[in-house]
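I want to look up the pocket, the strands around it and the core.

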Amino acid sequence: MVLRVLGVLVVLGSAAFAQTTNPRQLAEAAMLKADRDFNQAMADRDLPRFLSLVADDAKFDASVGREAVGKAWAPFFAPDGPTISWAPVKAESLVAGDVGYTVGTWERHTKDAQGKAVVGRGQYLTVWWLQKDGVWRAAFDTGSTAP
């Protein structure tokens with residue numbers, strides 16, 4: 001009887017362990033964390049940390065490569081520059097757990113030519129790749145503006 005109970009516990013424990021080590025679930029949790037860290041770097045106006053989460057050959061709209069992304073996004077890091085924030089609502093990974101995407105909503109605060117506040121909102125999609133150094137980096141980013 002004791003052996004049967006131990007056997008059941010081992011099987012249940014193995015199943016629970018397998019669920020928590022599912023590569024897709026682990027990847028999705030890691031991408032959500034990377035996306036939140038990405039947003040926090042923007043909120044902190046920390047360009048080096050922001051760029052540390054951008055892949056070398058990333059494509060963000062018309063910007064290709066980490067350096068070009070940094071130049072295009074530089075206004076958001078200026079002390080009195082515009083602000084943008086986002087929140088991921090979903091992550092999905094391919095089966096191997098080394099590539100996937102996050103989607104969510106964004107909000108941008110800028111000023112028009114007369115200095116009046118302008119707020120834009122929309123959705124975004126970011127493709128993440130697990131790099132050889134174990135860091136998830138954004139390889140592609142795009143968004144749409146809400147009507």
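I am working on a predicted model, where local features need pLDDT of at least 70 and side-chain atom pairs count only at pLDDT 80 or more, while totals for chains, interfaces and linings use all residues. Numbering runs from 1 along each chain as its sequence is written, and side-chain values use heavy atoms, with hydrogens and water left out.

I looked up the largest pocket and got about 260 Å³ of space. For the record, a pocket is an open set of points on a 1 Å grid over the protein atoms alone, where a 1.4 Å probe fits, with protein on both sides within 12 Å along at least five of seven lines; lining residues have an atom within 4 Å of a point. Volume is the space filled by probe spheres set on the points, which are joined across faces, edges and corners. I find 16 lining residues, with Trp73, Ile84, Trp106, Asp141 and Gly143 closest to the centre. By class, I note seven nonpolar, five polar and four charged. Which element gives the largest share of the lining? That is β6, with five residues. Helices (H or I, at least four residues) and strands (E, at least two) are DSSP runs, numbered from the N terminus.

Entry: the partners of β6.
I checked pairing, which takes at least two DSSP bridges between two strands. β5 and β6 pair antiparallel over nine bridges, with Leu130 opposite Trp136. Their hairpin has five residues between the strands, and Gly134 there takes a positive phi near 85°. β1 (residues 54-60) pairs with β6 in the parallel sense over three bridges, and Val54 stands opposite Ala138.

Contact means heavy atoms within 4.5 Å. Leaving aside neighbours within four places in sequence, Phe60 touches residues including Phe38, Val54, Trp73 and Ala138.

Entry: Thr102.
I place Thr102 in β4. Buried or exposed? Thr102 counts as buried because its relative accessibility is 0%; the cut-offs are under 20% for buried, over 50% for exposed and partly exposed in between (1.4 Å probe, protein chains only).

Key. Nonpolar A, V, L, I, M, F, W, Y, C, P; charged D, E, K, R; others polar.
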